[in-house]
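Open the model in your viewer and keep the selection tool ready. The tour goes stop by stop.

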Amino acid sequence: MRFVDEFRDREKAQALAASIATLCEPGRRYGLMEICGGHTHTIYKHGIEDYLPEGVELVHGPGCPVCVIPMGRVDDAIWIAEQEGVTLTSFGDLLRVPGGRGSFLDAKARGADIRMVYSPLDSLRIARENPGRRVVFMAIGFETTTPSTAMTVLRAAAEGLDNFSIFCNHVTIIPALQAILASPDIQIDGFIGPGHVSTVIGCEPYRFIAEERGRPFVVAGFEPLDILQSIQMLLLQLHEGRSEVENQYTRVVPWEGNQRALQAIDEVMEPRPTFEWRGLGWIPDSAMRVREKYARFDAERIFSLPANRVADPPACQCGEVLRGTIKPWECRVFGTACTPETPIGTCMVSSEGACAAYYNFGRFSRQRVRQATSA
Amino acid sequence: MTERTEQDVLERIERIRRRPPRVTDELITLSHGSGGRATHTLIEAIFLDAFRNPLLEPLEDQAVFSVGSARLAFTTDTYVVSPLFFPGGDIGDLAVNGTVNDLAVSGARPLHLSAGFVLEEGFPVADLRRIVSSMAAAAERAGVQVVTGDTKVVQRGKADSCFINTAGIGVLERPVRLSVSGARPGDAVIVSGPIGDHGITIMLARGELGIESDLRSDTAPLTELVGLLLDAAPSTRFIRDATRGGVATICNELAQASGVAVILDEEAIPVRPEVRGAAEILGIDPLYVACEGRFVAVVGGDETEAAVAALRSHPEGASAAVIGRIGDDPPGLVLVKTEFGGMRIVDMLVGDPLPRIC
Amino acid sequence: MCLGIPGEVVTLDVDRPGMATVNVGGARRQVNVMLVEEDGVQPGDWVLIHVGFALAKIDEEEARLTLSHLEEMGQAYRDELRALAESRID
């Protein structure tokens with residue numbers, strides 16, 4: 001497959017690995033945070049850590065939009081689904097996320113009409129085809145996904161649909177990064193930047209991280225070679241004492257972002273004063289809500305949600321994993337009480353969650369396997 | 001207090017995974033039907049627990065036992081696929097081929113099938129005719145006969161159009177002893193053709209995702225291919241057809257039952273470009289996607305070449321390939337060497353990416 | 001969810017402006033291209049698809065540059081390996 005296979009070439013990977021190794025000072029630890037859940041997934045899926053020297057440590061960040069949804073919002077969505085005549089539509093990733101009263105899948109087993117969709121446009125089609133149902137789209141995601149939701153609302157407005165709304169849980173990446181940087185127990189030397197968020201917001205917003213906070217920042221693509229090359233670029237900056245924002249993903253990310261997408265978001269939505277992030281607490285200006293002008297498409301205005309705050313289970317350490325202060329296996333319930341089958345926290349449910357990625361792909365001793373398979 | 005190391009945590013997790021399964025859910029969810037972890041837990045904790053007997057314990061896809069001097073294989077499967085009609089076949093084809101295949105992979109010659117129907121009030125008779133006609137054609141192609149059956153009708157809304165159960169009996173004429181616990185380090189893992197065709201075809205045929213392709217279900221009887229394999233490789237350890245849960249599920253069952261490591265080579269796994277493309281769009285790994293006319297086999301290292309050559313001599317086995325090998329460490333785990341050169345685990349499926357696939 | 005994949009534009013939908021048929025390895029899907037229209041989208045172009053929308057056009061020239069940069073690095077690496085193999089201290 002074009003633009004995929006070429007970026008999975010083993011030989012080029014070996015060359016990058018060699019270059020990375022030469023850029024590492026012996027005995028020095030390099031903490032590189034990969035912010036985006038898609039990166040976490042790729043890193044584990046392709047076994048990228050096998051190409052990195054011991055000193056380079058990849059730290060997982062909060063860029064998994066499913067992972068950061070607080071339990072109370074899941075409960076609100078289930079409450080909506082249980083209302084008369086409602087069809088709740090959601091991305092597949094969310095179906096098993098546990099709220100205070102179980103997941104969407106559990107609610108479905110109890111009789112709620114919850115359907116998986118691949119695109120918000122699919123929800124629109126369901127609304128069109130079922131004029132008797134009130135169709136609600138569970139809108140989640142960082143800026144990668146927000147424009148698609150916004151465009152869908154604009155489409156719904158153009159068609160004059162009266163049975164479609166969104167439950168808006170879109171979040172923004174920069175405030176999350178600021179929260180990470182403000183955290184005292186973090187030791188991050190550089191950032192592997194979110195490639196697809198950057199197609200929308202561009203590369204400028206990350207300047208403050210490189211210039212004011214002195215951490216190199218490389219916007220990275222999602223194929224294994226993209227990630228390795230980004231790591232090499234970060235280490236080169238550190239080696240040369242530079243601290244800049246660089247774009248590795250030039251074939252997709254324009255430096256100035258996608259203006260049309262930003263306009264669509266701005267037309268339909270506005271920032272919320274504050275929003276609760278699982279594990280990170282309340283962050284100001286970090287999430288979006290539907291503007292008054294489009295109130296008829298806003299599930300929060302149509303339904304009077306219980307909006308209960310649900311505390312995470314005491315055993316859950318998702319917050320620390322999302323901030324990068326602990327690794328998945330360091331969570332006291334990792335793999336024991338909390339597994340992909342019986343998840344306690346969101347990090348174990350989403351295919352982009354650090355815990356799920358590690359449990360599903362990385363949960364083996366690389367030492368032993370190297371010995372066993374080199375025979 | 002000592003610091004836990006990563007190794008300590010991994011070992012603790014393995015101990016917990018080896019514990020007998022318990023079902024804690026109060027309600028059946030779609031995960032229980034996926035063929036993955038939840039299905040296995042259900043089977044072991046509820047069905048095996050209640051029915052426990054030596055013939056059931058191995059939890060193979062069929063039971064093998066002797067009656068007089070004859071060795072018989074006996075199996076059953078229920079078909080709930082939606083939609084009923086799809087490119088490459090229909091529920092009738094699956095109902096015959098699926099059960100024939102469960103018999104064939106034990107080394108048996110499939111003989112007779114039963115067919116039980118649960119029909120929803122309002123289901124068009126013309127559709128029933130079509131399905132039954134497919135079953136007749138499939139039975140003839142597979143060399144079996146439908147010798148007994150049953151029909152029930154339930155009220156509108158109580159069953160989605162048409163569910164079919166088929167049970168099958170076959171006779172083992174070869175002296176083979178195939179078993180999921182028979183894999184040994186040094187053995188090779190073979191797949192009989194490209195994976196994921198059926199599952200992706202069904203997903204696309206539902207029309208909900210707006211993806212079109214020229215893919216067709218791979219539903220087909222495997223009796224001839226199995227015969228060729230066993231002729232060329234008489235000490236084959238194990239064969240299983242890859243249905244729901246896909247190749248990944250079989251490899252996990254194998255790794256756990258045989259106490260071995262299964263190490264796959266991603267580059268060697270045959271996948272059609274359309275399956276790969278659709279799977280990328282949907283975010284699904286083809287290793288977990290159902291097939292309906294493919295098997296996974298474990299053969300001894302010395303018989304591997306002959307086995308693959310024999311399969312490739314048949315039109316249905318043209319893309320047969322060695323996709324991995326059996327190792328001794330880490331036992332119970334399935335690993336894949338990625339295209340890229342790194343390693344990752346292929347775990348038992350959790351959740352259900354593709355409900356009602358077969 | 002960050003899932004963005006490259007696809008080739010096959011046709012622009014005449015009946016529904018803003019929609020196009022995109023091909024991913026043989027699987028074809030309707031994709032909304034309104035977010036990249038201003039850059040001009042033609043059959044044969046490659047776009048990045050995410051949840052049914054094209055977010056960006058893939059710049060083939062940039063892709064080629066990235067790959068050739070990686071290739072150079074690979075060549076340097078192979079050269080070094082060869083140099084290493086050839087230099088022996090007897």
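**Stop one: two helices in chain B**

H5(B) passes H8(B) in a left-handed crossing. The model is predicted, so read each stop as a computed picture. Select residues 197–205 of chain B for helix H5, then residues 273–282 of chain B for helix H8. Their axes come within 10 Å and cross at roughly 55°. That angle makes H5(B) oblique to H8(B).

Now show side chains. From H5(B), pick B:Asp197, B:Ile200 and B:Leu204. They meet B:Val275, B:Ala278 and B:Ala279 of H8(B). By class, this contact holds five nonpolar residues, one charged residue and no polar ones.

**Stop two: the sheet in chain B**

Stay in chain B and switch to a cartoon view. Which order do the seven strands of the open sheet follow? Trace S10-S12-S8-S13-S11-S14-S15; the pairing is mixed. Strand S10 (238–241) and strand S15 (343–345) stand at the edges. Each has a single partner strand, so one side of each is left without a neighbour in the sheet. From one strand to the next, the twist averages 25°.

Zoom in on one pair. Select strand S8 (residues 188–191) and strand S12 (residues 295–299) of chain B. They pair in the antiparallel sense over four bridges. Click B:Ile190: its bridge partner in S12(B) is B:Ala297.

Select helix H7 (residues 246–258) of chain B. H7 touches S8, S10, S11 (261–265), S12, S13 (321–327) and S14 (334–337). The direction of H7 makes about 145° with that of S10(B). Then select helix H9 (residues 304–312) of chain B, which touches S8, S12 and S13. The direction of H9 makes about 5° with that of S8(B).

**Stop three: chain A against chain C**

Select helix H1 (residues 10–23) of chain A and helix H1 (residues 60–86) of chain C. They pack at an angle of about 70°, with their axes 8 Å apart. H1(A) and H1(C) are therefore roughly perpendicular to each other. Their crossing is left-handed.

Which residues make the contact? On H1(A), select A:Glu11, A:Lys12, A:Gln14, A:Ala15, A:Leu16, A:Ala18 and A:Ser19. On H1(C), select C:Leu67, C:Leu70, C:Glu71, C:Met73, C:Gly74, C:Tyr77 and C:Arg78. Colour them by class: the contact of H1(A) with H1(C) has seven nonpolar, three polar and four charged residues.

Definitions and conventions. Residues numbered from 1 in each chain as written. Chains lettered and ligands numbered in written order. Predicted model: local features only at pLDDT ≥ 70, side-chain atom pairs only at ≥ 80, totals over all residues. Heavy atoms only, no water. Axes fitted to C-alpha atoms, helices over the stretch in contact; angles between N-to-C directions. Parallel < 35°, antiparallel > 145°, perpendicular 65-115°, else oblique. Left-handed = near helix turned anticlockwise from the far one by under 90°. Contact = heavy atoms within 4.5 Å. Nonpolar A, V, L, I, M, F, W, Y, C, P; charged D, E, K, R; others polar. Pairing = 2+ DSSP bridges.
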